[in-house]
Amino acid sequence: MSPKGEVSSASKVKAFKPVELYPDCIALKPSQAQTEIVAIGCSSLTGDDWNGELYVGIYDHSIKESSEPSGRLLLRVPTYSGNCGICWAGENNGLLVHGGDDGCIYVWELNDKFLDVEDLTIVDPQSSDLMKLKMQMFDHSDCISSVSTSSSPSLIFSSSFDRSVKLWDISAGPYPIATIYAHADRVHCVAAHPTQSSFFLSSSQDGSIRYCDIRSSNDMFCNITVSQDSPVFTVAWHPSQHHFFASGNENGVISLYDNRNMSKPISTNNDHRLAARSVSFKPSSDDIVIASTSDDCTCHILQHNGSTLQ
């Protein structure tokens, strides 16, 4: 879970008007349309408790330059906890899934009527017909750190500070169908493989990345491990070249790997001065272009040119 510290004005996203809590996670609904749907999970610490809200809005990416925000927030949904990870899932990505710091995974169903909302509307999860809480899934014993949709739309992975990764079938009910303890310390991130529903990557406070297959007969389910010299906060797969993945660790190092030979990274970059919190590949491209964010309040765009990552 990323720290909820002060966000500098230079790092605020300009596409949306500011929300009241600190944005903690974001998920763009897969779409080929000009106007896309985005969900933002926000959190704020009040006393000893995290409070949370979900925002759902639309973004018109056909607008290239404008002095006004090109996105509109339509729904504001109070949540029962801080929000630590978010993704779209289900048939046609019609369900919104997020993890809380209470160890629960929440599954929401949106009604297309919300697209007709003109002003930001506060949603009552108990009575609104715009967005309903479809399911709550309790099995983790500590904070959820991330959620990731499998290539099979009803399957999602979750990672937690309880050292586990769990696989859920949201079409079947609120109970995990597999639990994997592959790490010796809290798990910071899980990334489902883009095309193979049984494979995932996970990264941990113990400094390791595990490449796992839940079909494995191995007791640990995971037979490939990458070790780094500091906690690994984030991992992500390349969207089209599925053997490539990237990671970011506490020392700010961004590493590029090929899962066909994980003995060492293909290339690394250590331009970040503080911990790297997220990595993401350029979508819909065979190029290896990685965006990374860090506690040093910078975002880097890196390209692999065959030998270096810079």
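How many bridges pair β18 with strand β19, and in which sense do they run? I opened the predicted model with that in mind. I found five bridges between β18 and β19 (residues 244–249), in the antiparallel sense.

Next I went to β5-β6-β7-β9, an open sheet of four strands, paired antiparallel. The twist averages 20° from strand to strand. Inside this sheet I checked β6 (residues 95–100) against β7 (residues 104–110) and got five bridges, antiparallel. Val97 faces Val107 in β7.

**Aromatic rings**

Which residues do ring pairs link into a cluster? I listed Phe199, Tyr211, Trp237, Phe245 and Tyr257. The count of aromatic pairs comes to five. I looked at Phe245 and Tyr257: the ring centres are 5.0 Å apart and the planes are at 15°, so I wrote the pair down as stacked. Phe245 sits in strand β19 and Tyr257 in strand β20 (residues 254–258), 12 residues apart, and the pair links distant parts of the chain.

Are these two buried or exposed? Phe245 is buried at 0% relative accessible area, and Tyr257 is buried at 2%.

**Charges over rings**

I also looked for charges sitting over rings. The charged end of Arg186 is over the ring of Phe161, 4.8 Å from its centre. Arg277 lies over the face of Phe233, 4.3 Å from the ring centre.

**Gln205**

Where is Gln205? I found it in the loop between β15 (199–204) and β16 (208–213). Gln205 has 22% relative accessibility, so I logged it as partly exposed. Leaving aside neighbours within four places in sequence, Gln205 is in contact with Asp185, Arg186, His188, Pro231 and Phe233. Two of those names were already in my notes: Arg186 from the Phe161 ring, and Phe233 from under Arg277. Last entry: Gln205 and His183 are 22 residues apart in sequence and 8.5 Å apart in space, C-alpha to C-alpha.

Definitions and conventions. Residues are numbered from 1 along each chain as its sequence is written. This is a predicted model: local features need pLDDT of at least 70, side-chain atom pairs count only at pLDDT 80 or more; totals for chains, interfaces and linings use all residues. Side-chain values use heavy atoms; hydrogens and water are left out. Two strands pair if DSSP finds at least two bridges between them. Helices (H or I, at least four residues) and strands (E, at least two) are DSSP runs, numbered from the N terminus. Axes are lines fitted to C-alpha atoms, for helices over the stretch in contact, and angles run from 0 to 180 degrees between N-to-C directions. Buried means under 20% relative accessible area, exposed over 50%, partly exposed in between (1.4 Å probe, protein chains only). Contact means heavy atoms within 4.5 Å. Rings of Phe, Tyr and Trp (its six-membered ring) pair if their centres lie within 6.5 Å; planes under 30 degrees apart count as stacked, over 60 as edge-to-face and the rest as tilted. A charge sits over a ring if NZ of Lys or CZ of Arg is within 6 Å of the ring centre and within 35 degrees of the ring normal.
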